[in-house]
Amino acid sequence: MTRKRTIVFGIVLLLVGIVAYSVYQFYLVPTKNLLPIYLIPKDAVYIVETEEPVDNWEEISASEVWHHLNNNAYFAELTSNANALDTLFKENKSLFKLIGSRSLMVSAHMYKRQEYDFLFVVDLQKVAKLTQLKNYLNTILSDGFRVSRREYHGEEIIELYDKESRETLYMSFIENLLVCSYTHTLLEASIDQYGEPVIGRDIDYIEISKKVGQDDMFRLYLQYRYLDDYAMAYMSSPNEYLQNLSEHLLYSGFTFALKKNSMIVADGYTNVNEDSVTYLSVLQSSGKGSRSISGVAPQRTAFYMSLGFDSFSEFYENFVQLKEEEGGEFTEHRKSLAKMEKFLKIRIKENFIDWIDDEIAFLQMQASGLGKKNEFAIVLKAKNGDEAKENLDYIIKQIKRKTPVKFKQVTYKGYPINFMSIKGFFKLLLGKFFADLEKPYFTVIDDYVVFSNHPQTLKNVINDFNAENTLSSSPDYNAFNNYFDKKSNLFAYINTPLLHKNLKMLADKETRSNLEKNKEYITCFSQIGFQLTPSGSVFESKLVLQYQDPEVLDRKLQFASRPEKLLLEKFGPSFHNEPLDIAVADVTLLKMVEEEEIIKVEEINPEDLDAKVYTETFEDGTLKIEVSLKDGLKHGTYREYHPNGAIKLKGKYKRDKQVGLWKAYDQEGNTLERKRYR
């Protein structure tokens with residue numbers, strides 16, 4: 001079965017199955033009342049449950065979200081089946097009233113590598129008025145289907161073959177339940193559960209299901225053990241973060257509601273695997289923290305994950321206590337850390353841990369001047385920025401005294417950029433979760449310390465902060481953030497259009513093609529947020545997805561990517577509130593932007609801020625760019641060349657600013673442009 005096959009098409013055939021079974025058994029009434037969860041195979045990645053599939057479908061099919069999917073060419077198969085279901089509901093309301101409300105469970109399972117399928121379980125209870133149902137069955141099961149039967153472990157399996165689609169729906173009736181799937185192995189696995197159910201008797205699942213209750217349109221249960229396997233249906237390589245979730249979390253349960261403003265809001269609970277030492281189990285015992293790093297995170301942040309606690313020192317003590325019980329690699333890390341303290345004559349607790357406040361965050365930002373390399377940063381909220389700077393300066397001073405490192409502090413727009421030349425410092429301090437931060441650069445912005453492996457990332461963060469282009473200054477982000485509690489243990493935020501661009505830049509050709517093909521489906525959920533807040537032995541959980549019409553979203557992104565000054569000049573200060581009709585205005589605006597950038601210098605990103613010269617070459621090794629540097633800034637002569645070696649652009653910089661006369665040339669040496677900068 002392909003990935004395009006959907007739950008809604010299964011529901012159509014489920015209803016057919018219900019009617020078929022009613023005639024097949026006629027007046028036979030089940031003698032037992034078996035819960036649907038007892039027939040869900042143990043390897044379910046997720047389970048969807050609803051008590052009113054017909055009513056809920058009518059609400060979903062009327063929503064703006066569904067109308068968008070219904071017009072998406074990629075979902076042609078999905079929408080054709082869904083439209084058939086919609087017609088079936090509308091034309092046969094009297095029939096469905098006869099059948100009544102039914103408890104429906106749908107579960108997703110990997111049946112082979114990178115392929116998954118669904119299992120459907122319907123609680124039939126007692127179906128009345130069978131004569132009318134028989135008449136309806138004669139209408140449905142015409143020459144288009146072929147019915148056969150076989151036995152598996154004492155249970156009969158009915159095979160309903162669709163002659164047109166050449167697909168077979170496998171069905172079985174166990175006590176009061178109808179079970180069916182398009183994959184026969186899933187149905188057989190369900191029958192195997194009848195004698196010894198796993199998920200339905202799992203204490204961890206029961207704990208979550210009791211807390212979730214039966215409210216709202218439907219319930220969603222995630223089993224994290226199989227989440228990373230499921231993700232491989234969409235990814236070309238394993239994801240370390242998903243693997244960690246699969247190892248450390250057990251179940252999440254949510255009740256979902258579709259809001260009038262196209263927001264999908266889910267509230268629920270999550271439990272943690274107590275047999276594994278994880279940041280979440282440590283966070284759970286370390287209180288909650290507020291979120292304020294959004295005040296320094298750029299608006300071009302694609303992914304923002306915040307960890308919160310009463311205080312970082314308390315969190316760190318809990319972390320060390322639990323990790324030391326494990327021993328092994330972490331014990332060796334602690335020994336290495338102690339040696340480093342002794343060698344540098346520093347105190348990690350006093351000089352680093354004690355000044356950190358109640359939040360740390362991981363940021364992945366849209367690439368800006370780093371080619372295909374996305375920007376990554378870790379931000380620590382300080383109790384006091386001056387205190388943090390004083391202690392970090394002391395650590396840097398000791399490094400310079402004890403090692404041959406000769407890095408000169410660089411000041412960029414009033415913010416000092418320094419280099420912490422301690423290999424694996426963060427990994428030694430906080431484990432493998434911080435392993436990607438290797439010998440980082442850092443700067444202090446107000447009460448926030450920003451670390452990154454590349455100094456250009458820090459410059460870009462400073463630029464965005466000075467221009468007030470941060471998440472906390474974004475009306476869209478603030479409105480979305482209001483759906484969440486102000487304090488939590490974990491908060492993850494995704495700007496989907498930006499993340500989509502980041503993934504495309506890093507993906508291989510096939511994955512990039514699939515991402516582009518699915519763009520409308522992915523980016524229409526423009527903001528996604530997930531939050532965990534401690535509540536006794538579990539976490540209260542919240543998941544929110546914001547839907548936006550893709551055309552409106554694309555227009556907003558086009559406007560957002562253009563210079564604010566030009567927008568204000570063209571449309572006036574009220575353009576923010578005007579309808580985003582840019583069919584004509586865009587062309588004019590683009591010309592204005594192009595005229596501003598006739599002489600355009602490529603962004604350069606020296607990793608060594610002590611270097612005196614920066615150069616770039618073409619793929620064949622010939623020189624492309626050369627520029628003099630001072631303290632990591634462009635300072636002196638700049639030359640850029642065509643692939644044939646001819647000069648393309650030349651001029652001078654002074655402290656990163658273009659000065660004097662600049663000239664641009666074509667490949668034959670003819671002057672294209674002369675411009676003087678002051």
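Biologist: Which strands do the buried residues of helix 7 pack against?

Modeller: In this predicted model, the buried residues of helix 7 pack against strand 2 (104-112), strand 3 (115-123), strand 4 (145-152), strand 5 (155-162), strand 6 (167-174) and strand 7 (177-181). Helix 7 itself covers residues 184-195, and its buried residues are Leu186, Leu187, Glu188, Ser190, Ile191 and Gln193.

Biologist: Why is Thr270 called buried?

Modeller: Its relative accessibility is 0%, and the term applies under 20%. Thr270 therefore counts as buried. The residue lies in strand 10, which runs over residues 263-272.

Biologist: What makes the pairing of the Thr270 and Ser252 side chains a polar contact?

Modeller: The two side chains approach to 2.4 Å, and the cut-off for such a pair of N or O atoms is 3.5 Å.

Biologist: Why is Thr443 called buried?

Modeller: Thr443 has a relative accessible area of 1%. Since the limit is under 20%, the residue is classed as buried. It is found in strand 17, residues 441-445.

Biologist: What makes the end-to-end span of helix 17 agree with expectation?

Modeller: Helix 17 comprises residues 455-466, and at 1.5 Å a residue its twelve residues should span 16 Å. Its end C-alpha atoms are 17 Å apart, and the two values therefore agree. The helix is followed by Glu468, whose phi is positive, near 60 degrees.

Biologist: Why are strand 23 and strand 28 said to stand at the edges of their sheet?

Modeller: The sheet is open and has six strands in the order 23-24-25-26-27-28, with antiparallel pairing. Strand 23 (613-617) and strand 28 (671-677) each have a single partner strand, so one side of each lacks a neighbour in the sheet. Neighbouring strands of this sheet are turned against each other by 10 degrees on average, direction ignored.

Biologist: What makes strand 23 and strand 24 count as paired?

Modeller: Five bridges join them in the antiparallel sense, whereas the criterion asks for at least two. Strand 24 comprises residues 623-630, and Thr617 stands opposite Leu623 in that strand.

Biologist: What values describe the chain as a whole?

Modeller: Buried residues make up 52% of the 678 residues. The chain exposes about 33000 Å², of which carbon and sulfur atoms supply 49%. Its secondary structure comes to 24 helices and 28 strands. Of the contacts with a separation of 6 or more, 64% involve residues 24 or more positions apart.

Key:
Residues are numbered from 1 along each chain as its sequence is written. This is a predicted model: local features need pLDDT of at least 70, side-chain atom pairs count only at pLDDT 80 or more; totals for chains, interfaces and linings use all residues. Side-chain values use heavy atoms; hydrogens and water are left out. Helices (H or I, at least four residues) and strands (E, at least two) are DSSP runs, numbered from the N terminus. Axes are lines fitted to C-alpha atoms, for helices over the stretch in contact, and angles run from 0 to 180 degrees between N-to-C directions. Buried means under 20% relative accessible area, exposed over 50%, partly exposed in between (1.4 Å probe, protein chains only). Contact means heavy atoms within 4.5 Å. Accessible areas come from the Shrake-Rupley method with a 1.4 Å probe; for residues, only the protein chains shown count as cover. The expected span of a helix is 1.5 Å times one less than its number of residues. A polar contact is a pair of N or O atoms within 3.5 Å; within protein, one must be able to donate a hydrogen and the other to accept it, and residues adjacent in sequence count only if both atoms are side-chain atoms.
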